[in-house]
Amino acid sequence: MRLAELSERSGVSTATIKYYLREGLLQPGRRVSATQAEYGEDHLRRLRLVRALIQIGGVPVAAAREVIAAAEDESLDHHLRLGAATRALPCAERPAEDDPAVETARRSVAALLERLGWSSGRGPDLRNPAHRRLIDSVAALVRLGYPCDTEQLLPYAQLAAQLAVTDLDMVEEQPTPTGQIEAAVALTVLYEPVLLSLRRMAHAEESARRF
């Protein structure tokens, strides 16, 4: 397809597509003349991913470029590519090491991971942004005196484990490894607000049932 059709099918303006091409967010098309190129389904899928990241997820262009670079890093196996791509999404800063609440939170999170038998985020390696965000969130609960030990955190983790099966089932529906990686990133950005919204709606239903 030509640029105009790519724009029409993706819902992204031609000017924006040209910007994504300049920024390296979209791979170049196949040149058919000095001034024209053709684009395929791979470009359409990539545009949907970029749109999910930038326009819906609010991910900065530089961060989106890192996500895409991780997704295309063929030196990694499939599991590591999935992890690298989703870890490149913006997340919390590293927790302050001198904060007593952070140390308490770190112990609670370590105990939780041990209870679950999860390997992700164990030990001193805090490169996983989700692990850092979890520690920071639990530290906030500690500072304000809300319960956040293993028993309180465990139901959330168990529900997350069930959701992970559903998420990866959707990812596996994509026919190619690259498509699976792009789907993992897009679904992370798009489904996290869905999860938050459903949780708040469920609160309203349970409150009405109880009170």
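Which residues in H8 meet which residues in H9? This question is taken up in Exercise 1, after a note on the model.

The model is predicted, so that local features need pLDDT of at least 70 and side-chain atom pairs count only at pLDDT 80 or more, whereas totals for chains, interfaces and linings use all residues. Residues are numbered from 1 along each chain as its sequence is written, and side-chain values use heavy atoms, with hydrogens and water left out.

**Exercise 1**

Describe how H8 and H9 pack, beginning with the residues that meet.

Solution. Helices here are DSSP runs of H or I with at least four residues, strands are runs of E with at least two, and both are numbered from the N terminus. From H8, Tyr156, Leu163, Met170, Val171 and Glu172 meet Gln180, Ala183, Ala184, Leu187, Tyr191, Leu195 and Arg199 of H9, where contact means heavy atoms within 4.5 Å. Sorted by class, this contact holds nine nonpolar, one polar and two charged residues; Ala, Val, Leu, Ile, Met, Phe, Trp, Tyr, Cys and Pro count as nonpolar, Asp, Glu, Lys and Arg as charged, and the others, Gly among them, as polar. The next step is the geometry: H8 and helix H9 (residues 177-210) pack at an angle of about 140 degrees, and their axes are 10 Å apart. That angle makes H8 oblique to H9, since angles under 35 degrees count as roughly parallel, over 145 as roughly antiparallel, 65 to 115 as roughly perpendicular and the rest as oblique. Axes are lines fitted to C-alpha atoms, for helices over the stretch in contact, and angles run from 0 to 180 degrees between N-to-C directions.

**Exercise 2**

Work out how H6 and H8 are placed, and what kinds of residue form their contact.

Solution. Helix H6 (residues 100-116) packs with helix H8 (residues 150-172) at an angle of about 55 degrees, the axes being 10 Å apart, and H6 and H8 are therefore oblique to each other. On the H6 side, Ser108, Ala111, Leu112, Arg115 and Leu116 take part, and they meet Thr150, Glu151, Leu153, Leu154, Ala157 and Gln158 in H8. The residues of this contact divide into six nonpolar, three polar and two charged.

**Exercise 3**

Find out whether arginine 46 and glutamate 182 are buried or exposed, and which residues they touch.

Solution. Arginine 46 lies in helix H3 (residues 41-56), and with a relative accessible area of 4% arginine 46 is buried; buried means under 20% relative accessible area, exposed over 50%, and partly exposed in between, with a 1.4 Å probe and protein chains only. Not counting residues up to four places away in sequence, arginine 46 touches Leu25, Leu26, Gln27, Ile68, Glu72 and Glu182. Glutamate 182, found in helix H9, counts as buried at 5% relative accessibility. With neighbours within four places in sequence left aside, glutamate 182 is in contact with Arg45, Arg46 and Leu49.

**Exercise 4**

Summarise the whole protein chain, and then look at alanine 4.

Solution. The protein chain has nine helices and two strands, which follow the pattern α-α-β-β-α-α-α-α-α-α-α along the sequence. Of the 211 residues, 33% count as buried, and the C-alpha atoms fill a box of roughly 65 × 45 × 30 Å, taken along the principal axes. Alanine 4 lies in helix H1 (residues 3-10) and, at 54% relative accessibility, counts as exposed. Between alanine 4 and threonine 14, which are 10 residues apart in sequence, the C-alpha distance is 6.6 Å.
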